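Let's take a walk through this structure together, from a charged side chain to the nonpolar core and on to the aromatic rings. Have the viewer open as you read.

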Amino acid sequence: MSGDRAQTVLDFVVGMSVFLVAVGFTFAFVPSLLEPYAVGEGATVIVAERGAARLAESSLTGVGSTAALSHACTFAFFGGTAPAADEECGWTEDADDLHAELGVDDLRGLNLTVTQDGRVQQLESNGNVTTMRAGPAPPRTESVSAASRIVTIDDPESPGDPETYRLTLRVW
């Protein structure tokens with residue numbers, strides 16, 4: 001070993017320090033580097049938007065309508081019963097298995113409500129009443145994303161102007 005080498009221990013320490021600061025800066029300011037391994041807030045927003053759109057536009061509507069929820073399909077969905085034989089509903093799983101209906105893994109929490117003036121509404125059919133609510137209440141300690149759709153329910157027993165409701169899907 002000759003004594004004319006220019007590299008010293010101090011040069012090595014400065015070089016490693018610059019390298020570690022650069023790596024730390026990269027991970028701190030480019031959060032998408034860890035995206036495949038971490039679930040961010042954006043994922044729950046997307047799940048909420050797509051789930052609310054699916055329920056309001058296809059699952060709870062009857063055949064030929066995308067603007068109004070079918071009374072029979074919605075009643076059967078929240079009531080946990082099979083829809084009437086003459087109704088063609090777009091859902092395969094009812095509100096008891098909301099995760100399977102929306103294709104969401106069981107690790108996420110889901111809450112679906114249909115409200116009017118801030119109160120959860122009920123549907124009535126042939127003397128039976130069902131509340132339009134599914135899933136556990138959202139936790140107060142976690143971040144919850146929500147998506148809403150303004151919908152009407154096509155009720156054949158209620159002629160006149162349809163009332164509007166708010167369908168809200170919360171995901172955490």
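This is a predicted model: local features need pLDDT of at least 70, side-chain atom pairs count only at pLDDT 80 or more; totals for chains, interfaces and linings use all residues.

**From a buried aspartate to the aromatic rings**

Aspartate 94 sits in the loop between helix H3 (71-79) and helix H4 (98-102).

Which side chain of opposite charge is nearest to aspartate 94? That is arginine 54, and it is 12 Å away. A salt bridge needs a side-chain nitrogen of Lys or Arg within 4 Å of a carboxyl oxygen of Asp or Glu, and aspartate 94, although buried, has no salt bridge. Leaving aside neighbours within four places in sequence, the residues in contact with aspartate 94 are Ala76, Phe77 and Gly80.

Phe77 takes us on to the core. In the largest nonpolar core, which has 30 residues, Phe77 is among those with the most contacts inside it, together with Leu60, Phe78, Leu98, Leu112 and Leu167. At least two residues of this core come from each of helix H2 (41-59), H3, H4, strand S2 (110-116), strand S7 (145-154) and strand S8 (164-171). H3 gives the most, with 5 residues.

Now for the rings. How many aromatic pairs does the structure hold? There are 3. In one of them, phenylalanine 25 and phenylalanine 29 form a tilted pair, with 4.7 Å centre to centre and 45° between the planes. Both of these residues lie in helix H1 (residues 9-29), 4 residues apart, about one turn of the helix. Are they buried or exposed? Phenylalanine 25 has a relative accessibility of 52% and so counts as exposed; phenylalanine 29, with a relative accessible area of 60%, is exposed as well.

Phenylalanine 77 and phenylalanine 78 form another pair: their ring centres are 5.2 Å apart and their planes are at 85°, so this pair is edge-to-face. Both phenylalanine 77 and phenylalanine 78 are buried. Ring pairs also bring in Trp91, linking Phe77, Phe78 and Trp91 into a cluster.

Conventions:
Residues are numbered from 1 along each chain as its sequence is written. Side-chain values use heavy atoms; hydrogens and water are left out. Buried means under 20% relative accessible area, exposed over 50%, partly exposed in between (1.4 Å probe, protein chains only). Lys and Arg count as positive and Asp and Glu as negative; His and the chain ends are not counted. Contact means heavy atoms within 4.5 Å. A nonpolar core is a set of buried Ala, Val, Leu, Ile, Met, Phe, Trp, Tyr and Cys residues joined through side-chain atoms within 4.5 Å. Rings of Phe, Tyr and Trp (its six-membered ring) pair if their centres lie within 6.5 Å; planes under 30 degrees apart count as stacked, over 60 as edge-to-face and the rest as tilted.
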